Amino acid sequence: RKDSGMLSYKEHLPVSQVVVGDLDRPGSEAKVSVGPVRCQGDRNYWNAASFVTSSSYLHFSTFQGETSADISFYFKTSASDGVFLENLGNTDFIKLELKSATEVSFSFDVGNGPVEIVVRSPNPLNDDQWHRVNAERNVKQASLQVDQLPLEVRKAPTEGHTRLELYSQLYVGAAGGQRGFLGCIRSLRMNGVTLDLEERAKVTPGVKPGCSGHCTSYGMYCANGGKCVEKYNGYSCDCSKTAYDGPFCIKDVGAFFEEGMWLRYNFHSPGTSVKDLFSRTLLSSADPEITAPDLSLNKEELSFSFSTTKSPCVLLYVSSYTPDFIAVLVNPSGNLQIRYNLGGTKEPYNIDIDHRNMANGQPHTVNVTRDGRDIVLQLDHYPPTSYSLPATSDIQFNSPKALFLGKVIEIGKIDQDIYKYNTPGFTGCLSRVQFNQIAPLKAALRPTNTSSHVHIQGELVESNCGASPLTIPPMSAATDPWHLDSGKVAFIADFPYNGQAIGDGVNRNSAIIGGVIAVVIFTILCTLVFLIRYMFRHKGTYHTNEAKGAESAESADAAIMNNDPNFTETIDESKKEWLI
């Protein structure tokens with residue numbers, strides 16, 4: 001009846017989607033609520049600095065660790081070696097460095113001669129991922145640990161010097177002409193004090209505050225072709241070349257089309273260099289003097305989502321300055337058809353999807369990729385299917401002109417079937433429409449540098465209808481384990497599982513009837529328990545005809561005589577019995 005929980009690990013973030021199923025039945029509903037976000041932790045945990053050259057360093061006051069030193073930090077690098085930090089005295093010193101791609105070294109001298117502890121990793125440490133270093137030293141021993149690798153320990157000599165006497169500044173990075181660390185260090189703590197790397201980096205050349213390289217660790221969260229962009233102390237996702245929106249490029253951008261509405265996206269508009277436009281939005285061309293009618297495409301990537309209950313209709317149409325076109329249609333039977341006309345053949349090449357009705361009001365996803373003669377189509381969650389253009393067909397889509405959604409309003413000759421499907425037009429939802437790097441719906445609904453290419457007939461209303469999950473049709477009564485026959489009440493202990501979600505269930509009336517019957521049975525049981533308790537309580541009782549007033553009478557005979565007025569018999573003295 002209820003699912004709830006806490007997300008307590010940052011690795012589980014971000015929450016990109018909440019999916020609720022089993023809603024397509026009477027009385028079924030869902031409520032999703034998100035509580036307040038409470039972020040807890042050390043603010044200094046992400047205090048970081050990036051060292052961009054091997055001679056870069058930060059300097060701090062002398063490290064005070066005469067008898068005890070506790071140093072910990074995280075690092076991330078692609079370099080094979082470099083000094084993390086160093087502090088010097090007259091002869092004493094303390095140093096941590098990456099000696100090789102698999103070795104971290106902790107060395108020091110308190111006056112008894114140099115001591116070095118090395119941890120060797122079976123895997124490279126310069127993999128541009130975060131690794132933790134923890135080094136400790138006291139009068140008894142010294143230790144070094146990297147990540148979860150075994151702790152390396154070195155006992156201190158029983159006699160000799162124990163105090164670490166340092167005089168120079170603490171250098172984080174390059175020191176004394178040595179090759180410094182290249183990469184990022186964060187959360188540097190020395191004897192419990194976090195060093196403010198970011199503030200010092202702001203005024204130090206060769207060192208940047210924060211960590212570059214966030215995209216290496218978190219760039220995978222930029223979905224659907226979004227580009228990860230490095231930012232100060234973080235990253236962002238650039239969704240401008242996608243049909244999605246939101247911080248992680250996962251929010252559908254869709255709209256509802258009423259009957260007669262249409263949208264046209266012009267690939268070329270006045271005042272825009274075609275070279276700039278097509279290199280930015282379609283597949284780039286090497287010819288700097290190219291003009292719109294001369295552009296040809298050898299491959300296209302087309303994807304979108306739609307839902308409708310009416311057929312036939314035109315979902316998407318790409319026109320050209322030549323007879324070439326690409327069209328995605330729903331035919332009168334409700335089946336999907338993809339039509340290519342690239343020249344070289346008498347009739348357009350058709351791909352017909354006959355195995356299911358697409359005009360059923362459910363959201364459907366279409367992905368079409370063409371590379372030369374090879375076409376790959378993926379519909380919803382079905383496996384991709386490969387097709388091939390006829391051998392006589394051209395493989396270039398010549399001079400693309402405009403992209404239409406909902407209806408084709410184009411000058412010149414139009415394919416006869418498309419002309420028939422064009423009336424009255426598409427009615428339903430279209431979302432996440434993308435042709436190569438063009439997102440026409442997003443350009444219409446979001447102010448972008450390509451919005452001037454869009455022309456709309458009718459009122460385009462943004463809708464998230466394309467984000468609705470595909471629902472499963474109700475099960476038949478014969479296969480539904482929750483179905484109850486009329487006049488019967490059944491309790492089913494084992495439910496047959498066939499790998500599909502239950503589409504129908506116990507309806508509200510069945511639940512009410514079952515509840516009433518349960519109450520009646522409970523009432524009967526309570527009544528029986530009461531009667532049984534009452535019967536056993538009076539078991540063994542009896543009644544007598546003992547005369548009233550027997551307690552005050554001198555004898556039993558006197559009690560009878562006093563109680564019964566009709567008793568007039570005289571008792572003969574000779575019949576009396578005497579007890580001596």
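Buried residues have under 20% relative accessible area, exposed ones over 50%, and partly exposed ones fall in between (1.4 Å probe, protein chains only). This is a predicted model, in which local features need pLDDT of at least 70, side-chain atom pairs count only at pLDDT 80 or more, and totals for chains, interfaces and linings use all residues. Residues are numbered from 1 along each chain as its sequence is written, and side-chain values use heavy atoms, without hydrogens or water.

**View A. Strand 24, residues 325-330, is buried along its length.** Strands (E, at least two residues) are DSSP runs, numbered from the N terminus. Phe325, Ala327 and Leu329 point one way from strand 24. Ile326, Val328 and Val330 point the other way. In a regular strand the side chains alternate between the two faces of the sheet. Six of the six residues are buried, so strand 24 is largely enclosed by the rest of the structure.

**View B. Strand 24 pairs with strand 23 and strand 25.** Pairing takes at least two DSSP bridges between two strands. Five bridges join strand 23 to strand 24, and the two run antiparallel. Val314 has Leu329 as its bridge partner.

**View C. Leu336 sits in the largest nonpolar core.** Such a core joins buried Ala, Val, Leu, Ile, Met, Phe, Trp, Tyr and Cys residues through side-chain atoms within 4.5 Å. Of its 46 residues, Phe257, Phe304 and Leu336 touch the most other members. Strand 23 (residues 313-320) gives the largest share, four residues.
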